[in-house]
Amino acid sequence: MTSPGSAPFATPSPPSSISAPPARTRVKICGLTREQDVDAAVAAGADAVGFVLYAPSARAVTPERAAQLARRLPPFVTPVLLFVNESAPKIIAASALIPGATLQFHGDESPADCLAATGGGVRPYLRAARIPLGNGAARFDLVKYALDHSHAQAILLDAHVDGYGGGGKAFNWSLLPPSVDSHLVLSGGLTPANVTDGIWQVRPRCKTLAVDVSSGVEADGPDGQPIRGVKDADKIHRFIAAVRAADAAPAPLIL
């Protein structure tokens with residue numbers, strides 16, 4: 001851009017020299033059960049909020065309760081419904097209560113199961129990949145997994161723990177493949193303190209990156225452990241602020 005008084009026909013810089021705008025990492029706050037937590041996530045700038053429709057989970061809500069909470073959302077904040085090994089008819093019935101929701105499959109669902117529950121992929125969905133802890137992450141073939149689930153809008157990466165997610169454990173991000181031809185959602189053990197490093201580690205490996213947090217923004221109980229299903233508004237704000245800081249800062253070189 002020329003300054004006042006400069007030559008009007010100065011040669012512009014070639015397009016290759018123009019810096020790309022910073023990537024924007026989208027944020028999902030998951031495991032919401034209360035109105036005030038939905039409002040806090042929206043106020044902090046979340047792009048999506050998640051409702052767990054898996055009865056054994058301590059964060060579970062009924063489809064009717066999820067629909068009630070989702071009605072608080074303003075435009076362009078996406079509700080996400082999490083299912084674990086649920087039948088297609090029950091998923092379709094629950095989804096009908098929240099027409100604009102994205103689905104998340106977090107169990108042992110096959111690609112065919114996911115398509116059957118989403119009308120052949122008409123409704124967008126995420127497919128969770130359960131990444132082993134420790135050095136086992138290197139043995140998980142994420143490239144093949146993403147190819148097998150190519151109809152998914154994104155692959156969500158979570159740590160493989162007892163049960164299905166929500167364990168607050170982080171797998172070894174550095175052991176993921178260097179290039180995955182998919183949109184990824186990083187989950188599992190994220191907190192305001194480590195999400196920046198997670199973004200810098202994983203974003204160069206995929207098309208685009210989003211992050212998903214649950215236990216990392218929950219309120220602390222008297223024993224110092226998270227109260228499952230009860231969020232802390234300050235932690236939500238700090239988490240999203242850390243994501244935005246990661247987007248704004250130049251990422252360090254990952255070897």
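Visitor: Which residues of H1 meet residues of H7?
Guide: Asp37, Ala40, Ala41, Ala43 and Ala44 in H1 meet Ala233, Ile236, His237 and Ile240 in H7, contact meaning heavy atoms within 4.5 Å. The model is predicted: local features need pLDDT of at least 70 and side-chain atom pairs 80 or more, while totals for chains, interfaces and linings use all residues. Residues are numbered from 1 along each chain, and side-chain values use heavy atoms, without hydrogens and water.

Visitor: Why is H1 called roughly parallel to H7?
Guide: H1 (residues 35-44) packs against H7 at about 25°, with the axes 9 Å apart. That angle makes the pair roughly parallel, because the term covers angles under 35 degrees. Axes are lines fitted to C-alpha atoms, for helices over the stretch in contact, and angles run from 0 to 180 degrees between N-to-C directions.

Visitor: What is the handedness of the crossing of H1 and H7?
Guide: The crossing is right-handed: the near helix is turned clockwise from the far one by less than a right angle.

Visitor: How do you know that E5 and E6 pair?
Guide: Pairing needs at least two bridges found by DSSP; E5 (residues 125-131) and E6 (residues 154-159) have six, in the parallel sense. In one of them, Leu126 is partnered by Ala154 of E6.

Visitor: What does H7 touch on the sheet?
Guide: H7 (residues 233-248) touches strands E1 (26-29) and E8 (209-213), its direction making about 160° with that of E1.

How values were computed. Helix = DSSP H or I, 4+ residues; strand = E, 2+ residues; numbered from the N terminus. Parallel < 35°, antiparallel > 145°, perpendicular 65-115°, else oblique.
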